[in-house]
Amino acid sequence: MAGFDKVVSSYEEAMQGLKDGDTVIAGGFGLCGIPEGLIAEIKKQGTKDLTLVSNNCGVDDFGLGILLQDKQIKKIIASYVGENALFEQQLLSGEIDVELTPQGTLAEKMRAGGAGIPGFYTATGYGTPIAEDKEVKEFNGRPYILEESITGEFAIIKAWKADRYGNLVFRHTAMNFNPMAATAGKITVVEVEEIVEPGELAPSEIHTPGIYVNRVIKGSFEKRIERVTTRPST
Amino acid sequence: MALSREQVAKRVAQELQDGYYVNLGIGIPTLVANYVSDDIEVMLQSENGLLGMGQFPTEDKVDADMINAGKETVTASIGAAIFNSAESFAMIRGGHVDLTVLGAFEVDQNGSIASWMIPKKLIKGMGGAMDLVAGAQNIIVTMTHANKHGESKLLESCTLPLTGVNCVKKIVTDLAVLEVKGGAFYLLERAPGVPVDEIIEKTAGKLIIEGEIPEMTL
């Protein structure tokens, strides 16, 4: 009886079932709070024509950026891709399609997708290029555009702690998009720093309830920092 | 003389009021945090999910899980809260953030702003800027008055792809402080030593000058 034991022991098992052409929703903000081992596994499996939904696309040699090296990504839906030269190259040469999406709209698309809400109206982007071909509706005299929600075959998540039920706790700003992404995957896979005993996480401290989570794997993380900024210690 | 980046930030900091929740964009806006008066309490929002952004950490306190929207390592101030991206943008889109300060390529006399894309040249993405300009109660833009070719960035109508329409209320440039209302730029203050004529010459959009224009106090 597996019951609610969602812990898997290999990355292969964690990403089992991922196919060419799938949509993968990834948590993370820049390189902060990204499922490093799950991304590496996708690279290893060599799955192609993926649609990736993530705030950013990593950097050239780390994070989601490594999936660009073997041209595994067909399309990316992101708010900011400025850190990645390889991405810009593939975009300009037409090898990859990009749908730049405002950050708040992206978060809401994931949230709504996971909550069974197919679309929503927002003032964000009205009158800008991203509003092209989108329905406009006025509420209380202000125009809003219709945005459609997002779900994916897979969601890949990074959390701090999980129990075998898939209950998750995130650490500091490594939370970012992870809780929304976790709700929007048909199969949600979480890579964590620590798997704790059942009951160790207090019910009221859980950020993401295990109902959204299908698989949990204990990873090890490099946690690369994009910009180390410090003040002198005096 | 035209203001330095630090002086622009210093002038913008005067716009912050006690009890404000403020989002500061990347570049000059980030510097504003260095000039907040000790007499007031403000809370800085970072859209990756931190309300109450503190100083940079000392070297021994650097934590990869603790960054700001510019992907720099930071600390949380006392009274801070950390939350997910949807919550962060609920604050922004729901109009709970009092003031947003951000940079721009162009602003026009109707308060529309272009800040995220130069076709065929710069395609990085808008990040949270479109949400911020659509949601904040008040928006201040900081930028140089003219580009490096001497062409005005305060226009009748923006030429670059827009970030938002009719949303900018105030602009602080290296030459002047201007208010945007009723389809025109109103000159409020000029940088010390900068003649009004220079501002007229470098403002392409409709500029309204009422009475004597005071110099900024820095």
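These legends describe close-up views of a predicted two-chain model, chain A with chain B.

**Conventions.** Local features in this predicted model need pLDDT of at least 70, and side-chain atom pairs count only at pLDDT 80 or more, whereas totals for chains, interfaces and linings use all residues. Residues are numbered from 1 along each chain as its sequence is written, chains are lettered from A and ligands numbered from 1 in the order in which they are written, and side-chain values use heavy atoms, with hydrogens and water left out.

**View 1. The interface of chain A and chain B.** Chain A brings 52 residues to the contact, and chain B brings 44 residues. Contact here means heavy atoms within 4.5 Å. The size of an interface is often given as the accessible area lost when the parts come together. Chain A and chain B bury about 3,900 Å² between them, with 61% of that area from carbon and sulfur atoms. Buried area is the accessible area (1.4 Å probe) that two parts lose on being put together, summed over both. On the chain A side, Thr173(A), Thr229(A) and Arg231(A) lose the most area to chain B. Together they make up 17% of what that side buries.

**View 2. Polar contacts and the chain A face.** Between chain A and chain B, 25 residue pairs are in polar contact, both residues at pLDDT 80 or more. A polar contact is a pair of N or O atoms within 3.5 Å; within protein, one must be able to donate a hydrogen and the other to accept it, and residues adjacent in sequence count only if both atoms are side-chain atoms. Four elements of chain A give two or more residues to the side that touches chain B: helix 4 (85-92), helix 5 (103-114), strand 5 (119-122) and helix 6 (178-183). Helices (H or I, at least four residues) and strands (E, at least two) are DSSP runs, numbered from the N terminus. Helix 5 of chain A gives the largest share of that side, six residues. By class, the side of chain A that touches chain B has 22 nonpolar, 19 polar and eleven charged residues. Ala, Val, Leu, Ile, Met, Phe, Trp, Tyr, Cys and Pro count as nonpolar, Asp, Glu, Lys and Arg as charged, and the others, Gly among them, as polar.

**View 3. Salt bridges between the chains.** Side chains of opposite charge can pair when their charged atoms come close. A salt bridge is a side-chain nitrogen of Lys or Arg within 4 Å of a carboxyl oxygen of Asp or Glu. Three salt bridges cross the interface of chain A and chain B. In one salt bridge, Lys223(A) meets Asp65(B) at 2.6 Å, N to O. In another, the closest N and O atoms of Asp63(B) and Arg171(A) are 2.6 Å apart. Asp63(B) sits in the loop between strand 3 (50-53) and strand 4 (76-82) of chain B, and Arg171(A) in the loop between strand 9 and helix 6 of chain A, so the pair joins two chains. Asp63(B) is buried, at 16% relative accessible area. Buried means under 20% relative accessible area, exposed over 50%, partly exposed in between (1.4 Å probe, protein chains only). A network of salt bridges links Lys158(A), Arg171(A), Glu193(A), Lys223(A), Asp63(B) and Asp65(B).

**View 4. Salt bridges within chain A.** Over all chains, the count is 21 salt bridges. Glu95(A) pairs with Lys71(A) in one of them, with the closest N and O atoms 2.7 Å apart. Glu95(A) is partly exposed at 41% relative accessibility, and Lys71(A) is partly exposed at 47%. Glu108(A) and Arg111(A) also form a salt bridge (3.0 Å, N to O). Both lie in helix 5 of chain A, three residues apart, about one turn of the helix.

**View 5. Around Val216(A).** Val216(A) belongs to strand 11 (residues 215-218) of chain A. Val216(A) is buried, at 0% relative accessibility. Its C-alpha atom is 5.9 Å from that of Val189(A), 27 residues away along the chain. Beyond four places in sequence, the residues that Val216(A) touches include Lys6(A), Val8(A), Ala162(A) and Ile195(A).

**View 6. Aromatic pairs.** Three aromatic pairs are counted over all chains. Rings of Phe, Tyr and Trp (its six-membered ring) pair if their centres lie within 6.5 Å; planes under 30 degrees apart count as stacked, over 60 as edge-to-face and the rest as tilted. Phe4(A) and Tyr165(A) form a tilted pair, 6.2 Å centre to centre with 40 degrees between the planes. Phe4(A) is exposed at 55% relative accessibility. Phe139(A) and Tyr144(A) pair edge-to-face, at 5.5 Å centre to centre and 80 degrees between the planes. Ring pairs link Tyr121(A), Phe139(A) and Tyr144(A) into a cluster.
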